[in-house]
Amino acid sequence: MMAVDIHKLSRPERLLWGHGVRKPEHIDLEAIASARGAYVVYRKLDGCAARLVAAGDRAVISVAMDDNLGRRRFSLGHELAHWMQDAQRTSFKCSSTDIGPQNAEAKSIEADANNFASQLILPDYLVWPWVADRKPSLDLAKAMGGEFQASLTASALKLLHRAKVPTAITCHDQRRLKWSRRSRDFSTDLYILNELHQDTIAFEMAFGSAKGLGRPARESASRWISGPGTYRMEVWSQSIALPEGLVLSMLTIA
């Protein structure tokens with residue numbers, strides 16, 4: 001029997017618990033939306049990843065049908081957050097830049113919806129027992145994504161919350177760093193390099209000569225970060241090629 005202190009759960013976690021969610025496969029976002037008066041439809045959307053249109057105590061949530069499963073679920077969770085938390089607004093049209101657990105720069109109302117969605121899809125009370133004592137890696141994030149039907153990006157960022165050593169997640173394209181997030185103990189004196197180093201597997205992925213999920217590699221920290229003493233440091237890095245020419249990497253200071 002699962003031992004959970006309900007009073008310590010976040011609002012989205014309490015919502016899941018109230019719907020009988022005790023295992024990852026129990027997380028049925030469409031059913032939760034329906035119970036809250038929101039009808040979910042997957043269709044072609046121009047200029048946005050998801051939208052909410054509300055009238056009274058009913059709403060329609062539209063989600064872009066051409067996104068992958070993890071992305072669709074996060075978008076649905078994001079709009080469900082708007083429906084439940086921002087009832088004074090009758091409609092939301094959320095772009096891809098608004099929606100995403102990596103978007104720390106989103107407007108506060110969108111950032112709140114992202115946090116809500118992350119806890120709906122990857123609730124702490126299920127995720128942390130599943131992770132147990134395993135070390136963060138993109139392999140673990142990929143396995144978590146499969147178990148919880150979450151995107152690899154959302155899963156990797158979730159792992160940052162329990163990283164026991166300084167860890168960062170980066171996303172690059174061929175030209176520059178698109179975004180990065182770091183664990184609490186990753187020094188603010190260290191800076192993620194804006195461009196991928198040519199001697200990294202991430203560089204090869206960005207320029208198309210390597211694909212899929214790479215193996216962890218121990219290499220000079222100066223290939224990834226700058227700051228005091230980085231020329232003496234090493235990192236463990238692991239990268240994966242994402243759609244649209246992006247490369248996601250996890251860096252752990254060795």
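**Entry 1: a loop residue to start with.** I began at Ala 132, which sits in the loop between α5 and α6 (138-148). My helices and strands are DSSP runs numbered from the N terminus, with helices being H or I of at least four residues and strands E of at least two. Before going on I noted that this is a predicted model, where local features need pLDDT of at least 70, side-chain atom pairs count only at pLDDT 80 or more, and totals for chains, interfaces and linings use all residues. Residues are numbered from 1 along each chain as its sequence is written, and side-chain values use heavy atoms, with hydrogens and water left out.

Back to Ala 132: I looked up its phi and got a positive value near 55°, in a residue other than glycine. Is Ala 132 buried or exposed? Ala 132 is exposed, at 53% relative accessible area. My cut-offs are under 20% for buried, over 50% for exposed and partly exposed in between, with a 1.4 Å probe and protein chains only.

Entry 2: I found Gln 149 in the loop between α6 and α7. Gln 149 is partly exposed, with 39% relative accessible area.

Entry 3: I moved on to α7 (residues 152-160) and checked its burial. Nine of its nine residues are buried, so α7 is largely enclosed by the rest of the structure.

**Entry 4: aromatic pairs.** I wanted to know which rings pair up. My rule takes rings of Phe, Tyr and Trp (its six-membered ring) with centres within 6.5 Å; planes under 30 degrees apart are stacked, over 60 edge-to-face, and the rest tilted. How many aromatic pairs does this rule give? The count is three.

One of them joins Trp 17 and Tyr 125, an edge-to-face pair with 5.4 Å from centre to centre and 75° between the planes. Trp 17 belongs to helix α1 (residues 11-18) and Tyr 125 to helix α5 (residues 124-131), so the pair ties together parts 108 residues apart in sequence. Trp 17 is buried at 16% relative accessible area, and Tyr 125 is buried too, at 8%.

**Entry 5: around α1.** I stayed with α1 and listed its buried residues: Pro 12, Glu 13, Leu 15, Leu 16 and Trp 17. What covers them includes α2 (29-35), α3 (69-85), α4 (108-121) and α5. After α1 comes Gly 20, with a positive phi near 80°.

**Entry 6: Phe 92.** I found Phe 92 in strand β4 (residues 91-94). Phe 92 counts as buried, at 6% relative accessibility. Which residues does Phe 92 touch, leaving out those up to four places away in sequence? I got Ala 50, Arg 51, Leu 52, Glu 79, His 82, Asp 86, Ile 109 and Glu 110, where a contact means heavy atoms within 4.5 Å. Phe 92 and Ala 50 are 42 residues apart along the chain, with 8.3 Å between their C-alpha atoms.

Entry 7: Ala 221 lies in the loop between β8 (217-220) and β9 (225-226). Ala 221 is buried, with a relative accessible area of 0%. Not counting residues up to four places away in sequence, Ala 221 touches Thr 230, Met 233, Glu 234 and Val 235. I also checked Ala 221 against Thr 252: they are 31 residues apart in sequence and 9.4 Å apart from C-alpha to C-alpha.

Gly 229 is in the loop between β9 and β10 (234-241). At 18% relative accessibility, Gly 229 counts as buried. From Gly 229 to Glu 110 I got 37 Å, C-alpha to C-alpha, for 119 residues in sequence.

**Entry 8: stepping back.** Last, I looked at the whole thing. The protein has eight helices and eleven strands. Its C-alpha trace spans about 60 × 45 × 30 Å along the principal axes. Buried residues make up 49% of the 254 residues. Of the contacts with a separation of 6 or more, 52% join residues 24 or more positions apart.
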